[in-house]
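Please examine the sequence and the structure shown here. The explanation that follows leads through selected parts of the model.

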Amino acid sequence: MPETTTLPNASILGYPRLGRRRELKRAVESYWKGATGEAELRETARELRAATRSRLVELGLPVAGGAVPETFSFYDQVLDATLALGAIPRRFADVAASAASDLTTYFALARGDDSHQPLEMTKWFDTNYHYSVPEIDEGTPFAVNADALVGQLAEAREQGIESRPVLVGPVTYLLLAKASDEAGAGFRPIDRLDEAVAVYAQLLAALAEAGATWVQLDEPALVSDSLAVPREQTLELVERAYTALGSAARRPRILLSAPYGDAAPALVRLGALPVEAVQADLVRGALPQGALASGELARAFEGTQLVAGVVDGRNVWRTDLRAAFALLTRLQQAGIDTVVGTSNSLQHVPHDVADESQLDPRLVSWLAFADQKVEQVAILARGLSDGAAAIESELAAVDRALADRAAAPGVRDARVRARVASVSDADRRRAPERERREAQRPLGIPQLATTTIGSFPQTAEIRKARSAFSRGEIDQSGYDGFLREEIERVIRLQEEIGLDVLVHGEAERNDMVQYFAEHLDGFAVTEHGWVQSYGTRATRPSLLWGDVSRPAPITVAWSAYAQSLTARPVKGMLTGPVTILAWSFVRDDQPLGDTAAQVALALRDEIDDLVGAGIGIVQVDEPALRELLPLDADRQAAYLEWSVGAFRLATGGAAPEVQIHTHLCYSEFGEIIEAVDGLDADVTSIEAARSRMDVVEPLGAHGYSRGIGPGVYDIHSPRVPSVDEQAELIRIAAARIPGEQLWVNPDCGLKTRGYEETVASLTNLVLAAQVVRADE
Ligand code: GLN
Ligand code: ZN
């Protein structure tokens, strides 16, 4: 074991990476455009890293002992690991060979180029962050590249800070990888674990050489039941990998982290590994109570520090410091060397509540963004060193804030609660399917009906008008007039293209969740609360702080106006309750299912009003239905029950003649087909083009008997799919599910597309449907 100091008793697993004002986003995007060079980009990155380290120290993390983590990334932490391992997919070998620098290769992997598709992107555990999926096969090279990590260590030292390099661990890295197209049948990336571990050992040696006292290896795979191997086997793989890494001759001390879920079942075994610290998420997860009481946990952790993730890295609320401190004290009294930490990297929360000048100060007093969370960690650590009395005033301040929050008007609204309490199963049940099908005939929907998913391109003019309106440069009536013109244009365009079911285009929406949050009670929106969603992209999740209700109709005027312009049916367009929760910061003082029911009731009223205004078809989007599926298999059934229940509560008031659609994307839904069917929508549109209709088969096999619109047009790129190509996909689907169930639509909304490719692609889509109709 290396002879260095133990970890100080305060640390965090990671910090937001784009910068307080998204400086890195601007710098990287300007580099991509060629407006600035690599040297300038590297300089901005260096400044950002320096500012982050200083800030963490200012907020209370010790300068010595490896408490400050190095979690900078130009794009993605999994991609960083790909470079550190030298695991450049063979299809990029030409890029790597001719690249001017590592950074050229790095961004080519992330974004592709003229002759290379980028690495696929997918969701990082159950978060809304997306990582670049490694592609591994038998021949993928592994060769250590410690330059980036070593460089950061030296920068920190110059600042007088002893920092801790951070890297995705080998087991998680390989379990998140996919077998490349060149891999042999049956090959799994995890088959190469021993080779990868050997490279990690070299990396550790390089870091030790460069003076690192600690290194952090993240192994969230430990808490997931959704990976290629069962969780018990993941634990065995981690044991194998870290037994090897632990015995490396020259290495820094290792902090092995298990964020994002419940590591309790594995904790005793993790404590016994030859590493010097183990982190556990104690917000989503718990302590193994039996092992704690019996002393087994303390024995396993003899000589190993436990980083107790008591401060929530996924949400924005002030930590109940008194409860957290009680838990920490119990660990300390059990004889465990305890470090105060976060449940996971703070990369999933915004920087600083102090940046928010528009929020209600009362709400602000309940909140903690990344900087406040670091301060909380430091306070708790001081309590552990100096005793409870030393932090009593801070604990009392939090007690007061929490009491204030619990009693504040709007947090509990008696009318909302009474209404939720009176919900019965009948409210979640629509008329039987056959009755609905008959009742919906007057809608006149043809076979292979064509439609889109809702949004049309958000043009520069739309964004300009929106920001002029928000700055007060145009007034409400001017803005409304602009939007009405936009709607009319989109309606005429769809008529010309020949689509069967039209949409109003969603020009009024900045974002499919924030728009609803701005119009519902119980939500607040931030000014600077950006959170990285992938690469240089960030979203600004809304804050769901109180009981949710709908003060007035939200979308009705726009949809009704659109319908007034055309004889064809116009779909009303709503975001579903689960997706609204998934892409907001949600209250943590009641079960999520209760919050979902409140949102569902607000949407139920909206549907009622849409129908009252003459809208016959309403789509309720649930792209995040799969995203919130718990990593822990034991928790999945309960989740699916409340999430499907919320959708059904939102839509259950619709009369049989109203056609309810839903839309799903961003995930593989094969695993939760039963839930998809359970939504009981009359029509489900679902992303399918890239997988060539993969989802249709399992739906058919499951006996799904209502409408299905597997996407035939991949909207993720500007490429225009031809008539033949789309017809081919329709035929593939038609071979697996009866033609009368099939709809024809793109994979998702068109808001990120330009008009030129949109018109061309939709024209081809309509032609493709005609071609296949003529097959019969
Ligand atoms: N109706 C939304 C749109 O078309 C759906 C977006 C989504 O699924 N992410 O933009
Ligand atoms: Zn979508």
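**A guided reading of the model**

Arg22 is found in the segment before helix α1 (23–33); helices (H or I, at least four residues) and strands (E, at least two) are DSSP runs, numbered from the N terminus. The model is a predicted one, in which local features need pLDDT of at least 70, side-chain atom pairs count only at pLDDT 80 or more, and totals for chains, interfaces and linings use all residues. Residues are numbered from 1 along each chain as its sequence is written, while chains are lettered from A and ligands numbered from 1 in the order in which they are written.

Although Arg22 is not a glycine, it has a positive phi of about 55°. Arg22 counts as partly exposed because it has 19 C-beta neighbours inside 10 Å; a residue is buried if 20 or more other C-beta atoms, placed from the backbone, lie within 10 Å of its own, exposed if 12 or fewer, and partly exposed in between. Phe125, in the loop between β2 (121–123) and β3 (130–132), is not a glycine either and has a positive phi of about 50°. With 20 C-beta neighbours inside 10 Å, Phe125 counts as buried.

The next subject is a sheet. Seven strands form an open sheet with parallel pairing, in the order β1-β5-β7-β8-β9-β10-β11; two strands pair if DSSP finds at least two bridges between them. Its edge strands, β1 (68–70) and β11 (338–342), each pair on one side only. Within the sheet, β9 (residues 277–281) and β10 (residues 305–311) run parallel and are joined by five bridges. Val278 stands opposite Leu306 in β10.

Attention now turns to a site named in a record. The UniProt annotation "active site", from an unreviewed entry, covers His716; UniProt positions are given in the numbering used here, feature names are shortened, and annotations may be inferred rather than shown by experiment. His716 lies in the loop between β22 (707–710) and α28 (723–734). Is this residue buried, exposed or partly exposed? His716 counts as partly exposed, because it has 13 C-beta neighbours inside 10 Å.

In α28, the buried residues are Gln726, Ala727, Leu729, Ile730 and Ala733. They lie on the same side of α28 because they cover an arc of only 160° around the axis, the arc being that of the directions from the helix axis to the C-beta atoms. The buried residues of α28 pack against α27 (696–702), β22, β23 (743–744) and α29 (755–775), where contact requires C-beta atoms, placed from the backbone, to lie within 7 Å.

How values were computed. Two residues are in contact if their C-beta atoms, placed from the backbone, lie within 7 Å.
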